[in-house]
Amino acid sequence: MQMMGRSGHETIEWDADDAESCDRARAVFDKYKADGLLAFRDDGFERSSLMREFEPEAGVIYFSPQMAGG
Amino acid sequence: MAGPIPITWWTVGTASTLLLPDGNDTTTADQWLSTDACTTATSDSPASGYLYLWPRFYGQDLTPVAWGVGQADSNASRSGASLEVALRGPPENVERERARVDVVRHDREAAERRALELLESHLTAEQRRQLERLRAFRVVARSGRVYEIDAEKRMHNVYELDGQGRRVNELCIYQRGALPLADNTLAQKLMLEADEAEFRRIANHTRLSPAGA
């Protein structure tokens with residue numbers, strides 16, 4: 001997971017075959033979602049989707065603050 | 001003695017023309033501080049930035065004496081442009097703030113580099129070429145609409161293109177928070193790909209007249 005932040009992105013990694021690391025990643029995912037962040041699943045170049053729940057098989061997840069109209 | 005001034009995202013800048021609150025021009029100041037992350041600042045309404053900045057300094061041991069939009073670019077939403085504040089105070093306080101700003105600037109530049117690496121890792125080879133050549137790249141949404149994202153601006157930087165590649169609609173949408181510019185660009189790209197309808201719903205639209213149309 002890549003969390004975009006003011007000081008640059010932070011990276012959190014997990015192994016889909018390791019339940020413990022998935023649980024840790026899921027807890028972080030749930031916290032970010034509760035904080036109102038957007039979660040984008042990267043499904044390859046030019047293909048992304050919004051996520052509501054943690055999916056261990058997701059390759060890369062980007063978290064971003066909400067978007068606003070300017 | 002006043003406590004530390006909460007400067008967290010300032011960079012040192014210069015400006016030749018600043019506006020005093022009463023509208024007179026001035027170039028007198030001990031130090032200029034500027035921000036490239038103040039999304040409230042636009043060329044049309046620098047006062048909003050001024051009002052935002054003023055409480056951070058007023059009553060501290062450095063006094064803001066002027067403000068304005070940096071001369072490098074009249075549009076403060078463009079990367080590199082800035083809303084600037086002139087400070088007046090004892091030399092030792094100015095030096096203290098200069099040192100603090102230098103540290104913040106160093107950290108910000110490092111964050112910007114990392115964010116740009118993240119953005120580039122997400123682009124196709126063609127998009128990376130576009131970014132290198134034009135400082136902008138194109139995104140094809142699931143609807144088939146083609147958009148162009150200007151990577152040098154934080155706002156007013158996403159354009160819908162027509163069949164001839166002309167910009168026909170400007171969509172203004174930005175990432176909340178003072179994040180690195182490239183993170184904002186990546187968020188715009190991801191949102192376009194993931195939920196174009198929501199992107200268009202949130203954004204403010206401005207119809208453009210293609211040159212030669």
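The model is predicted: local features need pLDDT of at least 70, side-chain atom pairs count only at pLDDT 80 or more, and totals for chains, interfaces and linings use all residues. Residues are numbered from 1 along each chain as its sequence is written, chains are lettered from A and ligands numbered from 1 in the order in which they are written, and side-chain values use heavy atoms, with hydrogens and water left out.

**The interface**

Chain B puts 36 residues in contact with 24 residues of chain A. Contact means heavy atoms within 4.5 Å. Together the two chains bury about 2,800 Å², with 61% of it on carbon and sulfur atoms. Buried area is the accessible area (1.4 Å probe) that two parts lose on being put together, summed over both.

Seven residue pairs are in polar contact across the interface, both residues at pLDDT 80 or more. A polar contact is a pair of N or O atoms within 3.5 Å; within protein, one must be able to donate a hydrogen and the other to accept it, and residues adjacent in sequence count only if both atoms are side-chain atoms. On the chain B side, α2 (91–122), β7 (136–140), β10 (167–175) and α4 (181–194) each give two or more residues. Helices (H or I, at least four residues) and strands (E, at least two) are DSSP runs, numbered from the N terminus. The largest share, nine residues, comes from α4(B).

The count of salt bridges between chain B and chain A is zero. A salt bridge is a side-chain nitrogen of Lys or Arg within 4 Å of a carboxyl oxygen of Asp or Glu. Over all chains, the whole structure has 13.

**Strand pairing**

Two strands pair if DSSP finds at least two bridges between them.

| Strands | Sense | Bridges |
|---|---|---|
| β6(A) and β10(B) | antiparallel | three |
| β3(A) and β5(A) | antiparallel | five |
| β7(B) and β8(B) | antiparallel | five |

Between the chains, A68(A) has Y174(B) as its bridge partner in β10(B). Within chain A, D42(A) is partnered by V60(A) in β5(A).

Chain A has an open, mixed sheet of five strands in the order β2-β1-β5-β3-β4. Its edge strands are β2 (10–11) and β4 (48–50), each pairing on one side only. Helix α1 (residues 19–34) of chain A packs on this sheet and touches β1, β2, β3 and β5 of chain A.

**The chain B hairpin**

β7(B) and β8(B) form a hairpin with five residues between them. In the turn, G144(B) has a positive phi of about 100°. F137(B) stands opposite I149(B) in β8(B).

R145(B) forms a salt bridge with E160(B), the closest N and O atoms being 3.7 Å apart. R145(B) lies in the loop between β7 and β8 of chain B and E160(B) in strand β9 (residues 158–161) of chain B, so the pair ties together parts that are 15 residues apart in sequence.

How values were computed
Axes are lines fitted to C-alpha atoms, for helices over the stretch in contact, and angles run from 0 to 180 degrees between N-to-C directions.
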